[in-house]
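Me: I would like to learn how to read the packing of helices in a structure, one feature at a time. Could you take me through it slowly, giving the general idea before the case in hand?

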Amino acid sequence: MRQPLISPNQQIKQLFFPEVGFSSITTQGSGGKVEIGMVGREGLVGAIPLLLGSDRTPHDHFVQSPGEMLAISAQALCGAVDESASLHKLLLRFTQVQYLQTGQTAFVNARYQIEVRLARWLLMCHDRLDGDELRLTHEFLATMLGTQRTSATLAVQALEGHRFIKAQRGRITILNRKALEDLADDGYGLPEAEYARLIEGA
């Protein structure tokens, strides 16, 4: 957990295919970090800058949920993309999904209250987990949601009060996914539907 994968503004030398667990993509400002995306077994960590002709990114990529990942050198991936039009097309489709995920995060953060933002974030994590339990602290959760720790704690308590989740020290367990989906409303589902259309349906 929190192992760095790709550091901001440094040359990308390796990319990662998560098999278990997932990574977080954050941006840093004067007010601290905020999450702008996540990548699990559905994608490739670090692909977008290389596909778009750059060798680095200002964003931080690190392990959010521990597990196992396969690594490939940037040089090897670029060589494979140059040789395979179908691979290039597939990774560009993933880039489209990731772009939509980032845009949806901005939309949700601007429009919805913290409980809805938390519900969406938990659903996105749940999509990338094999079980229902997520290990994290309220401090870490606040960073991911771009809010104060007290606000994150109150949001967790609200969802727990409705029995959508169970919160214990250092972990949250999803109890009622359907209820979380109803709460998240149109804040959740657009990038997921695009992934199903572009990649799962390919």
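Reply: Let us begin with the buried residues of α7, which pack against α4, α6 (149-161), β6 (165-168) and β7 (171-174). In these names, helices (H or I, at least four residues) and strands (E, at least two) are DSSP runs, numbered from the N terminus, and contact means heavy atoms within 4.5 Å. This is a predicted model, in which local features need pLDDT of at least 70 and side-chain atom pairs count only at pLDDT 80 or more, while totals for chains, interfaces and linings use all residues. Residues are numbered from 1 along each chain as its sequence is written, and side-chain values use heavy atoms, with hydrogens and water left out.

Me: Which residues of α7 are the buried ones?

Reply: A residue is called buried under 20% relative accessible area, exposed over 50% and partly exposed in between, using a 1.4 Å probe and protein chains only. In α7 the buried residues are Ala179, Leu180 and Ala184. Seen down the axis of α7, these buried residues fall within an arc of 135°, so they line one face of the helix; the arc is that of the directions from the helix axis to the C-beta atoms.

Me: Why can residues that are separated in sequence point the same way on a helix?

Reply: An α-helix has 3.6 residues a turn, so residues three or four places apart point the same way. In this structure, the face of α7 turned away from its buried side carries the exposed residues Lys178 and Asp182.

Me: What does Leu180 touch, leaving out residues up to four places away in sequence?

Reply: Leu180, which is found in helix α7, is buried, with a relative accessible area of 0%. With those sequence neighbours left out, Leu180 touches Ala119, Leu122, Leu123, Leu159, Phe164, Ile165 and Ile174. Leu180 and Val116 are 64 residues apart in sequence, yet their C-alpha atoms are 8.4 Å apart in space.

Me: At what angle do α4 and α7 pack?

Reply: To describe a pair of helices, axes are fitted as lines to C-alpha atoms, for helices over the stretch in contact, and angles run from 0 to 180 degrees between N-to-C directions. Helix α4 (residues 114-127) and helix α7 (residues 177-184) pack at an angle of about 130°, with 8 Å between their axes. That makes α4 oblique to α7, since angles under 35 degrees count as roughly parallel, over 145 as roughly antiparallel, 65 to 115 as roughly perpendicular and the rest as oblique.

Me: Which residues meet where α4 and α7 are in contact?

Reply: From α4 come Glu115, Val116, Ala119, Arg120, Leu122, Leu123, His126 and Asp127, and they meet Arg177, Leu180, Glu181, Leu183 and Ala184 in α7. The residues of this contact of α4 with α7 divide into seven nonpolar, one polar and five charged. In this division Ala, Val, Leu, Ile, Met, Phe, Trp, Tyr, Cys and Pro count as nonpolar, Asp, Glu, Lys and Arg as charged, and the others, Gly among them, as polar.

Me: How are α4 and α6 placed, roughly parallel or roughly perpendicular?

Reply: The angle between α4 and α6 is about 75°, and their axes are 9 Å apart. The two helices α4 and α6 are therefore roughly perpendicular to each other. Here Ile114, Glu115, Leu118, Ala119 and Leu122 in α4 meet Ser151, Ala155, Val156, Ala158 and Leu159 in α6, and the residues of this contact divide into eight nonpolar, one polar and one charged.

Me: What is the angle between α2 and α3?

Reply: Helix α2 (residues 74-83) and α3 pack at an angle of about 115°, with their axes 5 Å apart. That makes α2 roughly perpendicular to α3. Leu77, Ala80, Val81 and Glu83 in α2 meet Ala85, Leu87, His88 and Leu91 in α3.

Me: Is Glu194 buried or exposed?

Reply: Glu194, whose place is in helix α8 (residues 190-200), is buried, with a relative accessible area of 14%. Leaving aside neighbours within four places in sequence, Glu194 is in contact with Gln96, Val97, Leu100 and Ile199. Leu100, one of these partners, is found in helix α3 (residues 85-111).

Me: Where does Arg163 lie?

Reply: Arg163 lies in the loop between α6 and β6, and at 67% relative accessibility Arg163 counts as exposed. Its phi is near 65°, a positive value in a residue other than glycine.
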